[in-house]
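I am opening a notebook on a structure I have not looked at before. I want to set down, entry by entry, what I looked up and what I found.

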Amino acid sequence: MRILGIETSCDETAAAVVEDGKAILSNVVATQTPFHTEFQGVVPEIASRKHTEWIYAVVKEALDRADVKPADIDGVAVTGEPGMLGSLLVGVNFAKAFAYTQDIPFVTVNHILGHLYASRLTEAAPDYPFLGLLVSGGHSIICRADSFSSLTVIGTTIDDAAGEAFDKVARYYGLGYPGGAVIDKLAQTGDASAFRFPMPNLYKGEHRYDFSYSGLKTAVINQLEQFRVKHEAVIPADIAASFQKTAVDVLLRSLFRAIEDTGLTTVVAGGGVAANSHLRARLAAHPGVRAVFPPLSLCGDNAAMIAGLGYHYLARGDRSPLTAVASSRTQGFKRKYP
Ligand code: KG4
Ligand code: ZN
């Protein structure tokens with residue numbers, strides 16, 4: 001089955017053609033970053049307008065690169081939740097129109113489950129259940145995955161998402177936007193022990209897998225004030241390396257607790273922050289843990305993961321009606337503590 005995937009939940013307008021949930025025939029991602037840079041964050045109104053302007057050309061490009069015609073597509077999968085509603089609606093409505101005119105089925109899928117699926121497009125797929133580490137600009141979730149369509153949240157951030165912390169630190173230090181990739185690169189020439197930033201208090205009981213980024217973010221930003229007061233030069237590489245190490249420590253502390261308590265030793269990562277080289281190196285070096293990461297090109301938002309995941313729904317007969325709606329929030333993830 002050849003599935004057309006469409007993703008417009010945030011600030012990438014993306015379309016892909018994927019065969020049987022595995023073979024990527026094309027994967028087009030048009031990033032809107034330059035249009036949001038001036039505002040140092042995604043502006044929902046600009047995002048939905050750009051999706052509207054670009055969606056036709058992006059889908060056409062995906063079909064052309066895959067060397068297929070609309071009539072060669074067997075079904076359409078589109079991100080239906082979560083994300084910015086105005087942006088989601090562009091993709092969902094385009095998917096409906098495409099499916100209706102081609103008389104093929106379409107299905108809406110969850111963006112977070114899409115990130116969890118991304119590594120299956122290129123890596124050997126681990127058996128379920130396993131742990132998922134889904135870290136992006138909007139989400140930070142440690143979960144148990146029991147199938148391609150179900151996950152149980154074990155722990156999550158109580159304030160900022162991991163990617164958001166990278167973006168905000170970069171913004172205060174004037175390093176650029178989005179901040180994750182910039183900090184990652186800068187950190188490679190910095191000293192990670194130059195500054196000791198605080199880890200949040202240990203969470204107890206049911207919250208022992210949760211984590212927090214606002215304290216770390218504030219400490220790193222306050223350090224900038226210290227530089228100013230003491231008339232010291234800012235060393236961005238050292239700040240980047242020290243912040244990045246602590247940010248990864250925060251995630252891994254909760255993740256290793258979950259590994260210990262569930263006995264699940266395979267971790268499948270996804271989301272923009274899964275591109276982080278320090279996170280990848282730390283997990284890879286951990287004995288007894290099998291870490292599966294998507295290639296860098298599939299960590300951030302893309303439609304190949306949506307087409308890949310959507311194939312499984314369509315193949316088992318799931319269909320979304322043409323009255324299907326988008327939702328800014330995830331519907332129906334359970335939260336449970338192991
Ligand atoms: O998955 P994604 O493209 O979009 C969302 O669904 O949010 O993730 C974007 C986030 C941004 O916050 C960006 O700064 C972060 O992923 N990011 C990184 C890296 N590359 C992107 N964070 C840390 N290290 C990176 N190498
Ligand atoms: Zn995402």
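This is a predicted model: local features need pLDDT of at least 70, side-chain atom pairs count only at pLDDT 80 or more; totals for chains, interfaces and linings use all residues.

**Entry 1: the zinc site.** I first asked which residues coordinate the zinc ion (ligand 2). I found H111 and H115, each through NE2, together with D301 through OD, at 2.0 to 2.2 Å. I then looked up the angles among the 4 donor atoms, and they run from 92 to 148°. Four donors count as tetrahedral only if all angles lie between 85 and 135 degrees, and the site of the zinc ion (ligand 2) is irregular. For comparison I wrote down that the ideal angle for four tetrahedral donors is 109.5 degrees.

Along the sequence, I read the spacing of the donor residues of the zinc ion (ligand 2) as H-x3-H-x185-D. H111 belongs to helix α4 (residues 111–117), while D301 sits in the loop between β10 (290–292) and α10 (304–315), so this pair ties together parts that are 190 residues apart in sequence.

**Entry 2: helix α6.** Next I went through helix α6 (residues 179–187) and listed its buried residues, which are G179, I183, D184 and A187. Viewed down the axis of α6, these buried residues fall within an arc of 130°, so they line one face of the helix. On the face turned away from that buried side I found the exposed residues A181 and K185. I then asked what the buried residues of α6 pack against, and noted α5 (162–172), α8 (236–262) and α9 (277–284).

**Entry 3: the largest pocket.** I looked up the space in the largest pocket and found about 1,200 Å³. Its lining is made up of 41 residues, and those nearest its centre are S136, G137, D167, P178 and G272. The elements that give two or more residues to this lining are β3 (23–31), α4, α5 and α6. Among these, α5 gives the most, with 6 residues.

**Entry 4: the cavities.** A search of the whole structure gave me 2 cavities of 30 Å³ or more, and the largest cavity holds about 40 Å³ of space. I noted its lining residues as L113, L116, Y117, R120, Y128, F130, S147, F148 and L309. Helix α4 supplies the largest share of that lining, 3 residues.

**Entry 5: backbone points to check.** I looked for cis peptide bonds and recorded one between E81 and P82, with omega about -25°, where P82 lies in the loop between β4 and α3 (85–102). Another cis bond joins Y177 and P178, with omega about -10°, and P178 lies in the loop between α5 and α6. I had P178 in my notes already, as one of the residues nearest the centre of the largest pocket.

D67 has a positive phi of about 60° and lies in the loop between α2 (44–66) and β4, and with a relative accessible area of 70% D67 is exposed.

Entry 6: Lastly I followed G80, which lies in strand β4 (residues 75–81) and counts as buried at 4% relative accessibility. Setting aside neighbours within four places in sequence, I found G80 in contact with L88, V92, T108, V109, A326 and S327. I then turned to I259 in helix α8, which counts as buried at 9% relative accessibility. With the neighbours within four places in sequence left out again, the contacts of I259 are L131, L264, T265, V267 and V289.

Notes
Residues are numbered from 1 along each chain as its sequence is written. Chains are lettered from A and ligands numbered from 1 in the order in which they are written. Side-chain values use heavy atoms; hydrogens and water are left out. Donors are N, O and S atoms within 2.8 Å of the metal (3.2 Å for Na, K and Ca); water is not among the atoms, so sites may look incomplete. Four donors count as tetrahedral if all angles lie between 85 and 135 degrees; four count as square planar and six as octahedral if opposite donors are over 155 degrees apart and all others between 65 and 115; anything else is irregular. Helices (H or I, at least four residues) and strands (E, at least two) are DSSP runs, numbered from the N terminus. Buried means under 20% relative accessible area, exposed over 50%, partly exposed in between (1.4 Å probe, protein chains only). The arc is that of the directions from the helix axis to the C-beta atoms. Contact means heavy atoms within 4.5 Å. On a 1 Å grid over the protein atoms alone, a cavity is a set of points where a 1.4 Å probe fits but cannot get out, and a pocket is an open set with protein on both sides within 12 Å along at least five of seven lines; lining residues have an atom within 4 Å of a point. Grid points are joined across faces, edges and corners, and a volume is the space filled by probe spheres set on the points.
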